[in-house]
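Trainee: I would like to learn how to read a two-chain model. Please show me the model, and then we can go through its features in turn.

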Amino acid sequence: MIDEKHIELINAEIDGELSSEQRADLSGYLLRHPEARALRDDLQRLCGALNRTVQVPPPADLRDRILGALPAPAPRRHWSAGSSRPVLRYAAVLAGGLLVSAIAFQFGMDGRPGPDAAQVAGTMADPATDHTGAPVGTVRIDTPQVTGRVNLYRAASGLILGFDLAAREPIEVVATCGGREIRFSGLGRPDPISDHRYACTMSGSATEAGTVTLKFYAGGKLIRAEQLEAPAG
Amino acid sequence: MQEDGDGALVQRCRDGDRRAFERLVTRYERPVFNAALRMLRNPEDARDVAQTVFLKVFEHLADCDPKFKLYSWIYRIALNESINVLGRRKRLEPLGGDEPDETPGPDDELHGEQLNRGIRRALMRIKPEYRAVIVLRHFLECSYHDMGGILELPEKTVKSRLFAARQLLRDVLRQDGAI
């Protein structure tokens, strides 16, 4: 039977925490007690093997699975620069360096080149304030490339698509309604900007009841297609 | 670099910077996965636990006490999640079947496959609370102080539990003729 004190000393020796006085004590004890010597030898071998255990690499897809499963970023209350006018707010955000490269093609402009982001006055909406009611439809996206959600709201100005996405690479979204398209390029750029929230008002006849189809592209490949039902206003 | 420290990354995460969180994942995915693997001996379960751990970390970063070491908190979640999986597994498999073994690691070739395999099997035959201290001390290289913080136990209790765990492992290995 090995006493508690010497079991502690054996473990302290293994952990490299033995003082010279304790070492002398333990040495004498081990000489007198062969079962303690056997325990010490076994534990040294065991702990040596444990300490030499090499960590195995995690699965290659673990990081992507974790990042892909993160919830969408929480809405920010002070996303805009403070102006009450959506167009000016968007311009302020641009001036602030967000450099959103979303390009919106208004409904009714299909077949023609769309204006650049600075010229789409009236089509970009403030995602924080231009739609205060509950969404009439929501799709959730959870892919390795992009996660988050797209909400469809009805506002006086028409239907608003609210994108609340976090993407690991540039994403292109094509929204189709009534055979016409809105195309958003560069949503969720892989830069330090973490708050990828955009909104776009769809005005005109296409905002009647119908189905809005959303197609998400990454690297030119379709990664997800979803539909939102737009009720009549 | 200061900006690479856990505290700075946590602060950036709290500010909504997902790339900072990605760096934390990169930093801790290996130890978390390995801790779960040693606790569960099943790579699929370990992967699921690791994913759950980081999602919980992400959700609760705002509540993380800055005085507490981030890795201690992460390891605590990893152990608790692993023990939860063991609890569910126990309910499903009351007799405890043969769990799938993990892929042999480089340690097997370097340091004696028989003993390492014996240790992995023996680990599964001691209680999870004993397994946890072995994992923390020998696989995650935690100090007794850190172990006390992770397990919320006095250092003295941690030591006595570890010493008991080592002896239990030794007894199992002797029974199996692996040591």
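Trainee: In what order do the elements of chain B run from the N terminus on?

Mentor: In chain B the order is α-α-α-α-α-α-α-α-α, which is 9 helices and 0 strands. Before going on, note that this is a predicted model: local features need pLDDT of at least 70, side-chain atom pairs count only at pLDDT 80 or more, and totals for chains, interfaces and linings use all residues. Residues are numbered from 1 along each chain as its sequence is written, while chains are lettered from A and ligands numbered from 1 in the order in which they are written.

Trainee: How many helices and strands are there in chain A?

Mentor: Chain A has 5 helices and 9 strands. From the N terminus on, its elements run α-α-α-α-α-β-β-β-β-β-β-β-β-β.

Trainee: What percentage of the residues of each chain count as buried?

Mentor: A residue is buried if 20 or more other C-beta atoms lie within 10 Å of its own, exposed if 12 or fewer, and partly exposed in between, with C-beta atoms placed from the backbone. By that rule 32% of the 233 residues of chain A count as buried. For chain B it is 40% of 179 residues.

Trainee: Which residues does V212(A) touch?

Mentor: V212(A) sits in strand β8 (residues 210-218) of chain A. Leaving out residues up to four places away in sequence, V212(A) touches L152(A), A175(A), C177(A), Q227(A), L228(A) and A230(A). The C-alpha atoms of V212(A) and L152(A) are 9.0 Å apart, although 60 residues separate the two along the chain.

Trainee: Is V212(A) buried or exposed?

Mentor: V212(A) has 23 other C-beta atoms within 10 Å and is therefore buried.

Trainee: How far does helix α3 of chain A reach from its first C-alpha to its last?

Mentor: The expected span of a helix is 1.5 Å times one less than its number of residues. Helix α3 (residues 34-52) of chain A has 19 residues and reaches 27 Å, close to the 27 Å expected.

Trainee: Which residues of α3(A) are buried?

Mentor: An α-helix has 3.6 residues a turn, so residues three or four places apart point the same way. The buried residues of α3(A) are A36(A), L39(A), R40(A), L43(A), L46(A), A49(A) and L50(A).

Trainee: How many residues does the contact between the chains take from each?

Mentor: The contact takes 31 residues from chain A and 37 from chain B. On the side of chain A, the elements that give two or more residues are α1 (4-14), α3 and α4. The most come from α3(A), with 9 residues.

Trainee: What classes of residue make up the side of chain A that touches chain B?

Mentor: Ala, Val, Leu, Ile, Met, Phe, Trp, Tyr, Cys and Pro count as nonpolar, Asp, Glu, Lys and Arg as charged, and the others, Gly among them, as polar. That side of chain A has 19 nonpolar, 5 polar and 7 charged residues.

Trainee: At what angle do α4 of chain A and α3 of chain B pack?

Mentor: Axes are lines fitted to C-alpha atoms, for helices over the stretch in contact, and angles run from 0 to 180 degrees between N-to-C directions. Helix α4 (residues 62-69) of chain A and helix α3 (residues 43-60) of chain B pack at about 40°, with their axes 9 Å apart. Angles under 35 degrees count as roughly parallel, over 145 as roughly antiparallel, 65 to 115 as roughly perpendicular and the rest as oblique. The pair α4(A) and α3(B) is therefore oblique.

Trainee: Which residues meet there?

Mentor: L62(A), R65(A), I66(A) and A69(A) of α4(A) meet R47(B), A50(B), Q51(B), F54(B) and L55(B) of α3(B). By class, this contact has 6 nonpolar, 1 polar and 2 charged residues.

Trainee: Where is E141(B), and is it buried or exposed?

Mentor: E141(B) is in the loop between α7 (128-139) and α8 (144-151) of chain B. With 10 C-beta neighbours inside 10 Å, E141(B) counts as exposed. E141(B) has a positive phi of about 55° although it is not a glycine.

Note on methods
Helix = DSSP H or I, 4+ residues; strand = E, 2+ residues; numbered from the N terminus. Contact = placed C-beta atoms within 7 Å.
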